[in-house]
Amino acid sequence: MRGLAKTERTDGAMELIDIDRPTPGSDEALIEVEYAGLCGSDAGIYKFKSAFERMNLPTVIGHEYAGTIVEVGDNVTDFESGDRVVERPIRGCGSCYQCKIGEENVCQNAVITGVDHHGAYTGYIAVPTRALQSVPDELPSKHAAMVEPTSIGARAVIENSRTSAGDRVLVAGPGPIGQLTAQVARRQGGDVVVAGVGQDAEYRLPLAEELGFETLNVEADDMEAAREEHTDGVGYDVVFDTTGHPSGLTMAVDEVRKGGQIVLVGQTGETTMEYSPLVRAEIDLQCSYASMYEDFERSLRMIEDGSVDAETFLDDRYSLLEADDAFHAFLAGETCKPVFDVSELRD
Ligand SMILES: [Zn+2]
Ligand SMILES: [Zn+2]
């Protein structure tokens with residue numbers, strides 16, 4: 001079967017390769033992949049950023065997907081053929097200290113689907129059933145493919161932020177995680193503004209507006225005037241930094257109110273800043289990483305009930321047969337969340 005793989009340790013080098021259809025192990029299910037999304041980390045693999053140097057190549061990428069079980073291993077009792085599922089792609093080892101105390105998302109030995117082993121941009125994938133969750137009947141697989149990135153936002157907002165009804169919230173970065181975080185924060189009761197840069201003006205900020213958010217372009221708009229307007233000059237109660245850019249944190253410090261909270265979700269690299277103003281303002285600096293079972297369950301329900309609008313959010317104009325187009329568009333900010341019809345690879 002064909003799979004889209006990273007094939008060389010250079011920028012680009014993403015090609016369709018032939019791999020064997022896997023046989024499920026005794027605790028695994030074989031899943032026919034239906035739809036799979038393109039994530040910022042997939043774009044990081046495309047560019048071959050340093051975080052991915054550990055990859056053995058070629059590796060089929062893709063970790064945000066939904067599909068249908070077509071076969072189960074001998075010991076599997078919790079799922080059966082015909083079940084539609086999503087996978088939690090960051091797998092804890094089950095035996096380190098963090099896994100033992102229920103912090104699987106920060107496991108010391110985690111392996112990631114589509115990075116450490118073949119991912120979902122291919123016809124079939126074999127997965128331990130402990131990493132699977134059922135998709136409700138009413139939820140289309142194309143929308144269920146949005147559950148994994150939604151769960152990142154759900155964890156950031158529900159588990160790791162103080163966002164409450166009536167709070168003024170700024171989401172910095174209108175990429176996929178930002179737009180999903182914004183929707184969850186609104187569901188949580190926040191009054192949410194989404195901020196981006198010049199490159200976002202073409203597609204991502206208009207998408208945020210279509211999703212019902214007020215937006216700011218930090219390169220074109222007067223941020224101080226906007227803060228005055230949206231927060232009476234007080235500053236935002238909670239600022240989520242999903243930019244993946246070093247300026248995200250310094251901007252968040254400018255925008256958050258004294259006594260407020262900054263939640264770092266994007267992985268921003270390195271910045272230099274004076275931090276005594278944070279101490280004197282008693283800013284709560286909180287990180288949020290990956291997601292867990294409960295975050296997935298909540299995300300399945302928020303997509304099903306429409307509080308996360310998957311249909312508006314996803315972009316189905318791209319094909320895995322011409323994947324470079326999707327990666328180039330993603331890196332240029334001309335799309336936000338490409339979703340591929342993976343059945344094309346089974347034709
Ligand atoms: Zn992802
Ligand atoms: Zn572990």
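Start by selecting the zinc ion (ligand 1): Cys39 (SG), His63 (NE2) and Glu64 (OE) coordinate it at 2.1 to 2.5 Å. Donors here are N, O and S atoms within 2.8 Å of the metal (3.2 Å for Na, K and Ca), and water is not among the atoms, so sites may look incomplete. This is a predicted model, where local features need pLDDT of at least 70 and side-chain atom pairs pLDDT 80 or more, while totals for chains, interfaces and linings use all residues; side-chain values use heavy atoms, without hydrogens and water. Residues are numbered from 1 along each chain as its sequence is written, with chains lettered from A and ligands numbered from 1 in the order written.

Along the sequence, the donors of the zinc ion (ligand 1) follow C-x23-H-E. Cysteine 39 sits in the loop between β3 (28-37) and α1 (40-47), and histidine 63 in the loop between β4 (59-60) and β5 (64-72), so the pair ties together parts 24 residues apart in sequence. (Helices are DSSP runs of H or I, at least four residues, and strands runs of E, at least two, numbered from the N terminus.)

Now colour by accessibility: is histidine 63 buried or exposed? Buried, at 6% relative accessible area; buried means under 20%, with a 1.4 Å probe and protein chains only.

Next, jump to the zinc ion (ligand 2). Its protein donors are Cys93 (SG), Cys96 (SG), Cys99 (SG) and Cys107 (SG), 2.3 to 2.4 Å away. The site is tetrahedral, with angles of 103 to 120 degrees among its four donor atoms (four donors count as tetrahedral if all angles lie between 85 and 135 degrees).

Finish on cysteine 107, which is buried at 10%.

Methods:
Buried < 20%, exposed > 50% of the residue type's maximum accessible area, 1.4 Å probe, protein only. Tetrahedral: all angles 85-135°; square planar, octahedral: opposite > 155°, others 65-115°.
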